[in-house]
Amino acid sequence: MRLRSFAFASTFALALATPGPAPAGTAPAGTAPAISAEGIRADIGFLADDLLEGRDAGTRGYDIAARYVAARFETLGLRQAVADSWYQPVTLAVARLDKGAAPSMDIGSRRFANGDDVAVGAFGREPRQSIEAQAVFVGYGLKSGREKIDDYAGLDLRGKFAVALSGSPVGMPSEIGAHLAAEKALAAQQAGAIGLITIPTTGYLRRTPWEKLRDRAQHPTVSWLEKDGQPYVRTPGIRGTGTVTGAAADALLAGSGRSLAAIRAEAEKKGVRPKGFALKPGIRIDRTSTVETAPSRNVLAVLPGSDPALAREYVLLMAHLDHLGVKEDGKGPDRVYNGAMDNASGVATLLAVAKAFAESGERPKRSILFAAVTAEEDGLLGSQYLARNPVLPAGGKLVGVVNLDMPILTYDFQDVIAFGADHSTLGPIVEKAAKAEGVSLSPDPLPAEGLFTRSDHYRFVQEGVPAVFLMTGFAGPGKEAFEHFLKTDYHQLSDQMSLPFNWGAAAKFAKVNYAIAREIADEPQAPLWYKGDFFGDAFAPDAPKAVKR
């Protein structure tokens, strides 16, 4: 995809290109800046304090965190990326199911209440909705010209519901499968469908029980407001959505000659994609939603590049600032999701790297855009807004993204993981910089999780920009530490300052990230997708490519 730019007044563009005075404490040019473990500890301690009430996007606690980050940027002598402000406003639209009008789904002549083998969530673009149409089973509902996959071939979806299995076929490369699974609504819309109903596979239900899927549908649906006041969705043509299992899925398949059990059993086989067919029963969804708006913001700052030939190329360093807020139904004295590791640790690392750049005595050749973004926990929304509403001056181009999300800082790591390193020349750049700091680059240890598609950087990948997502590695005690955090503390009240942080490791991680960002910013050649890479082909088909060595 083609990158977009946003033109400001020429005086603002000139201001970005002009270096400001060096802040106090600037190191002599060419020397490595000091990174303080105590400073990182102080930043995490503030951001994860109970007073910030879990930093939920659109709340006072998040706004306090945003003001803190902006003040830090200002103290470092960085420049504002938005005219006269450290903030890019992001108005969130929060849709909730109307408690006085429970949603339902009719399948043929049978009505299913929400939660009765049917899960229907709120929909902000149509607060009062009644939508009815015929349906077509579309297998996994995947489509990719590059992978020669078209589950819609020979099927008529115009004005109908697409009914698709969750996920992707067993054995498909995880990152490709995760991407294609995330694009199901887009594939359905392109085929002419007006709705998408998902049937979870047996494998999916093993990882996420139906009870959890059903409960998730009761949660608010969050998006950001477009200029026309409508909640943004990538697929506005897909108006009706829901998930079905058990008796509801059986009702959909009635008269087709196929059973839910047989289709699920087929989907368990490696490389098998069940074929699509028209369904006999029609579907009707009735639901009423209420929509409220909540102002939030991304916090942005720029360090202008020093090389006249490269300064209009920007490297984005980012971390999400939000977390989960307050546990409303909590029964104990502690109800705050402090999010110390997720993601106060990433933001503190971002601030430490920004400080190191500001005090290095030698500006990078390319410009650096620092971003603490909102609403990651609501669906990568702040990063999506920034990706689709760029703040770069006229002629500016974003060339690479480094994302810091939940590094596990409880052990002295010996390696780092850069999810996405295999897709672009960012991989060898990261490896070179990490090696210079005495740290190795390890391959993705969790390929089945498809983590490259699941954090904020991916919103920029979708705009064609090479990106990596950096975390502490699995060598030595790393695997055990990571798995322990996921099992015990991830998205739990226990993710707070009482965790056994290794502050020396926190400073080390910041030093490695400074080295990586410096290497990307100073490389003669901007990062390139590899020739033949799935993501480069999908999102930047016309961009120059590098040959993978």
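**Domain arrangement and interface in the predicted model**

The centres of domain 1 and domain 2, taken over C-alpha atoms, are separated by 33 Å. In this predicted model, local features need pLDDT of at least 70 and side-chain atom pairs count only at pLDDT 80 or more, while totals for chains, interfaces and linings use all residues. Residues are numbered from 1 along each chain as its sequence is written, and side-chain values use heavy atoms, with hydrogens and water left out. The domain bounds come from an automatic or database domain assignment. Domain 1 comprises 37–94 + 293–443 + 455–539, and domain 2 comprises 96–291.

The protein chain has an average pLDDT (the predictor's confidence in each residue, from 0 to 100) of 93, and 94% of the residues score at least 70. Over residues 1–24, pLDDT stays under 50. For this segment the model has 50 contacts (heavy atoms within 4.5 Å) beyond four places in sequence. Where pLDDT is low, the predicted coordinates should not be read in detail.

At the interface, 21 residues of domain 1 are in contact with 20 residues of domain 2. The two domains bury about 1800 Å² between them, with 61% of it on carbon and sulfur atoms; buried area is the accessible area (1.4 Å probe) that two parts lose on being put together, summed over both. Of the area that domain 1 buries against domain 2, 39% is supplied by A93, V94 and F534, more than by any other three residues.

On the side of domain 1 that touches domain 2, at least two residues each come from β2 (87–97), α11 (381–388) and α16 (534–539). Helices (H or I, at least four residues) and strands (E, at least two) are DSSP runs, numbered from the N terminus. The most is given by β2, with 5 residues.

A salt bridge is a side-chain nitrogen of Lys or Arg within 4 Å of a carboxyl oxygen of Asp or Glu. By this rule the count comes to 25, and 1 salt bridge is found across the interface of domain 1 and domain 2. R146 forms a salt bridge with D537, with the closest N and O atoms 3.0 Å apart. In the salt bridge between R239 and E126, the closest N and O atoms are 2.6 Å apart. R239 lies in the loop between β12 (221–224) and β13 (240–244) and E126 in the loop between β5 (118–119) and β6 (128–133), so the pair ties together parts 113 residues apart in sequence.
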